[in-house]
Amino acid sequence: MRTQVVIIGSGPAGLLLGQLLHKSGIDTIILEQKPKDYVLGRIRAGVLEQGTVALIEEAGAGVRLRHEGLIHDGTEIEFGGIRHRIDFKGLTGKSVIIYGQTEVTRDLMDVREACGAPTVYEALDVGIHDIESESPSVRWSADGKKFAIDCDYVVGCDGFHGVSRQTIPATRLQTYERAYPFGWLGILVEKPPVSEELIYVNHERGFALCSMRSRTRSRYYLQCPIEEHAEDWTDDRFWEELTRRLDPQAVSKLQTGPSIEKSLAPLRSFVAEPMRFGRLFLAGDAAHIVPPTGAKGLNLAASDVGILSRALIERYKTNSDAGLDSYSQRALARIWKAERFSWQMTQLLHLVPDASGFDRKLQVAGLEYLFKSTAAQTALAENYVGLPY
Ligand SMILES: Cc1cc2nc3c(=O)[nH]c(=O)nc-3n(C[C@H](O)[C@H](O)[C@H](O)COP(=O)(O)OP(=O)(O)OC[C@H]3O[C@@H](n4cnc5c(N)ncnc54)[C@H](O)[C@@H]3O)c2cc1C
């Protein structure tokens, strides 16, 4: 078997890349280790930057997103029981769109299937070979049989725990990491949200977030110690704790109900560089992780793919390697800004267990400055709606 580009992983990065390349006549195969339904069942991100939406539309998967996505022109940040609105639209001219990662994935899978481009689900033991040569190959097993395919390039879109980054010798990769001593306990519920826009809450009991996936489906998060388990949190316990952290107006609007999903996600900042090794390129969570406070994970995966797809198209159309040679540097310049923003939002809004009195005073000063300063609000808004690429 032979193709032009092998993509490992059918998360948003892999599926979006596959479609953008397909539109330019470049052949791809996607190898995914999990079953399709498992990939579709993962509840994750839900805030899309306009640049991400533009790429999804370019890939031909934006019809439902345009109809069902909720446009948010701002967000609210609550401190000391008082909410302060950050006006994205007024400050930057841009908005964000609320549309679940699960729906993005489903739409991209549908257009890929409609155009007949191949995806192999349940591809196990994926191995990348001869990646420093002119003709790399990828091997895997499925249904008890072994397969191999030759290609021009391999793109690792296989998330933080995938095989692609691990293929690169440790001596050729520099990694940077920060782990946080708390996680986000998330709950998904078939009830309307408490507010038109997201509410980020800095509370003395810990951070909380009122988010949503649609007008009828809400997503709530609570900061909790990393050692806790989602199974130990009954729905009643979750609602009780959330109620303690919200202001009275939000509590009066809160519609509780049985959770349809509940999970605990650790918070981590991570970057591996460079994002290229021979003919292997990394994109999305395979190369970097951000804490979800800035809503940047999925959007960064999309911006990597935007830069890389153009570089690959340029390579096939004009025989120029310039875009591929500069991919890592260009992508990382944007990634580090999003890392900084996500880290800053995390510091600003969470109860940091080992924070000193000095740290806490700085956090309060940061919040008070934000609420009073148009310049500070503009900086937050500019980063939240997404920096250019
Ligand atoms: C629990 C959780 C909650 C999150 N919440 C938010 C949020 O609220 N906001 C936000 O912005 N971001 C959030 N994120 C981050 C966001 O979901 C990710 O940044 C985004 O999914 C990255 O897309 P990706 O395609 O790079 O990786 P992934 O979505 O991880 O996709 C990688 C794919 O590769 C497959 N794979 C892995 N290993 C192999 C292998 N060896 N062979 C073949 N296939 C393989 C996986 O099964 C998966 O389908 C969350 C992440 C998690 C884990």
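I began with the second largest pocket, which holds about 600 Å³ of space. The model I consulted is a predicted one.

**Entry 1. Lining of the pocket.** I listed the residues around the second largest pocket and found 27 in its lining. Gln 344, Gln 347, Leu 348, Leu 362 and Gln 363 lie nearest the centre of this pocket. I then asked which elements supply at least two residues each to the lining; they are β13 (174-189), α11, α12 (357-372) and α13 (374-385). Helix α11 gives the most, with 8 residues. Sorted by class, the lining of the second largest pocket comprises 16 nonpolar, 7 polar and 4 charged residues.

**Entry 2. Cavities.** The largest cavity has a volume of about 50 Å³. I recorded its lining as Glu 49, Lys 296, Arg 334, Lys 337, Ala 338, Phe 341, Asn 383 and Leu 387. Helix α11, spanning residues 322-349, gives the most to this lining as well, with 4 residues. The classes here are 3 nonpolar, 1 polar and 4 charged residues.

**Entry 3. α1 against α10.** I turned to helix α1 (residues 12-23) and its packing on helix α10 (residues 297-318). The angle between them is about 30°, and their axes are 9 Å apart. Angles under 35 degrees count as roughly parallel, and α1 and α10 are therefore described as roughly parallel to each other. I noted that α1 passes α10 in a right-handed crossing. From α1, the residues in contact are Pro 12, Ala 13, Leu 16, Leu 17, Leu 20 and Leu 21. On the α10 side I found Leu 298, Ala 301, Ala 302, Val 305, Leu 308, Ser 309, Leu 312 and Ile 313. The residues of this contact divide into 13 nonpolar, 1 polar and no charged.

**Entry 4. α1 against α3.** I then examined α1 with helix α3 (residues 50-58), which pack at an angle of about 50° with their axes 9 Å apart. That angle makes α1 oblique to α3. Leu 16, Leu 20 and Lys 23 of α1 make the contact with Leu 55, Ile 56 and Glu 58 of α3. By class, I recorded 4 nonpolar, no polar and 2 charged residues in the contact of α1 with α3.

Terms used
Residues are numbered from 1 along each chain as its sequence is written. This is a predicted model: local features need pLDDT of at least 70, side-chain atom pairs count only at pLDDT 80 or more; totals for chains, interfaces and linings use all residues. Side-chain values use heavy atoms; hydrogens and water are left out. Axes are lines fitted to C-alpha atoms, for helices over the stretch in contact, and angles run from 0 to 180 degrees between N-to-C directions. Angles under 35 degrees count as roughly parallel, over 145 as roughly antiparallel, 65 to 115 as roughly perpendicular and the rest as oblique. A crossing is left-handed if the near helix is turned anticlockwise from the far one by less than a right angle, and right-handed if clockwise. Contact means heavy atoms within 4.5 Å. Ala, Val, Leu, Ile, Met, Phe, Trp, Tyr, Cys and Pro count as nonpolar, Asp, Glu, Lys and Arg as charged, and the others, Gly among them, as polar. On a 1 Å grid over the protein atoms alone, a cavity is a set of points where a 1.4 Å probe fits but cannot get out, and a pocket is an open set with protein on both sides within 12 Å along at least five of seven lines; lining residues have an atom within 4 Å of a point. Grid points are joined across faces, edges and corners, and a volume is the space filled by probe spheres set on the points.
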